[in-house]
Amino acid sequence: MQARNPRRPPSHAAVLRTRALDDLILDDEASFRHVGLYADLKAILRRDGYLFRVLPASSEGRWDRALLLNLTFWASGDGGDVLVEDRLSADVVAHVAWHHLAARALPSPPSAEALFLGESIASAFDVYLVGRLLGHAPRSTFLATQVPAMAEAAGAAGLSDEGFEALLERIAGDPDRAFEELRELLYDAANALHACSSAQDGLGALASFDGHPYAALLHHYELSNWVLYARAYAPRDAGPDEAARAVDRALRAEKDALEWLARTWVTPASAK
């Protein structure tokens with residue numbers, strides 16, 4: 001009797017399409033003209049022929065499906081974010097580029113620490129962009145979506161409206177420093193949660209960061225997804241990731257962490 005295979009190959013209508021950066025319409029890019037790093041990051045993706053994935057026509061308009069795939073397979077290494085259509089927000093270009101650079105700089109397969117490092121850099125860069133765009137690009141669709149989402153997370157964490165305004169002023173006053181302070185928080189919190197084995201341990205880990213300047217934004221990020229993904233895919237019992245820890249130490253020691261990343265990751269990749 002022939003064994004039955006419950007897994008069927010995907011039909012042509014259910015196959016993700018691939019698109020290079022130049023094949024996509026980039027939304028809100030004009031808002032980033034004054035951010036030099038954005039142009040460098042975009043150029044790296046273009047030069048490397050980085051491919052994005054787009055839902056097939058049979059899933060047209062399915063934001064829910066794209067979100068599920070992105071949260072479940074966010075670091076699978078076979079392409080960038082799954083897009084609903086042939087267009088992309090400019091801020092996502094930078095986010096994807098930082099993941100791309102982290103994958104180049106760190107050993108493969110990535111450890112949990114490497115995954116958290118790459119995601120903390122990419123996510124903290126969003127706050128850097130908020131700081132750079134506030135007052136310079138008030139009509140940016142990135143600000144129109146990002147700032148209310150940050151405000152909602154901060155409010156749920158107990159931060160008052162006045163406190164959130166002060167937080168935005170802190171970010172806009174020194175976007176470079178805001179990047180590194182948030183990056184450290186995200187990296188440390190993800191590693192702490194990854195080491196926990198119970199909800200009680202997790203609560204203690206989260207509470208230990210309550211005094212951090214950006215603690216109110218911690219739940220703005222998908223930390224649970226980061227930890228679960230690392231537990232599912234990162235090598236187990238591999239020991240400390242000295243490469244990831246070396247980058248983390250270097251960033252903490254620098255007066256301008258983004259300048260270090262530009263010098264150490266972005267410039268060599270651009271010059272290749």
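**Notebook: helix contacts, sheet and pocket**

I looked up the contact of H3 with H11 and noted that Trp 98, Leu 101, Ala 102, Arg 104 and Ala 105 in H3 meet Leu 258, Leu 261, Trp 265, Val 266 and Ala 269 in H11. Contact here means heavy atoms within 4.5 Å. I sorted the residues of this contact into nine nonpolar, no polar and one charged. For this sorting, Ala, Val, Leu, Ile, Met, Phe, Trp, Tyr, Cys and Pro count as nonpolar, Asp, Glu, Lys and Arg as charged, and the others, Gly among them, as polar.

The model is predicted, so I kept its limits in mind: local features need pLDDT of at least 70, side-chain atom pairs count only at pLDDT 80 or more, and totals for chains, interfaces and linings use all residues. Residues are numbered from 1 along each chain as its sequence is written, and side-chain values use heavy atoms, with hydrogens and water left out.

I then turned to the geometry of H3 (residues 90–105) and H11 (residues 257–271), whose axes come within 11 Å and cross at roughly 75 degrees. Helices (H or I, at least four residues) and strands (E, at least two) are DSSP runs, numbered from the N terminus. Axes are lines fitted to C-alpha atoms, for helices over the stretch in contact, and angles run from 0 to 180 degrees between N-to-C directions. H3 and H11 are therefore roughly perpendicular to each other, a class that spans 65 to 115 degrees.

Next I examined H6 (residues 161–173) and H7, whose axes come within 5 Å and cross at roughly 115 degrees. H6 and H7 are therefore also roughly perpendicular to each other. In H6, Arg 170, Ile 171, Ala 172 and Gly 173 meet Pro 175, Ala 178 and Glu 181 of H7. I count four nonpolar, one polar and two charged residues in the contact of H6 with H7.

For the sheet, I recorded an open arrangement of three strands in the order E1-E3-E4, with mixed pairing. E1 and E4 stand at the edges, each with a single partner strand, so one side of each is left without a neighbour in the sheet. Two strands pair if DSSP finds at least two bridges between them. E1 (residues 17–20) and E3 (residues 51–54) run antiparallel and are joined by four bridges. I found Arg 17 opposite Val 54 in E3, and Phe 52 in E3 as the bridge partner of Arg 19. E3 and E4 (residues 82–83) run parallel, with two bridges between them; Val 82 in E4 is the bridge partner of Arg 53.

I looked at the second largest pocket, which holds about 370 Å³ of space. A pocket is an open set of points on a 1 Å grid over the protein atoms alone where a 1.4 Å probe fits, with protein on both sides within 12 Å along at least five of seven lines; lining residues have an atom within 4 Å of a point. Its lining has 18 residues, of which Ala 112, Glu 113, Asn 191, His 194 and Gly 239 lie nearest the centre. H4 (112–133), H7 (175–194), H9 (223–233) and H10 (242–253) each supply at least two lining residues, and H7 gives the most, with three. The lining divides into eight nonpolar, four polar and six charged residues.

Finally, I checked the backbone. The peptide bond from Ser 108 to Pro 109 is cis, with omega near 0 degrees, and Pro 109 is found in the loop between H3 and H4.

Terms used
Grid points are joined across faces, edges and corners, and a volume is the space filled by probe spheres set on the points. Angles under 35 degrees count as roughly parallel, over 145 as roughly antiparallel, 65 to 115 as roughly perpendicular and the rest as oblique.
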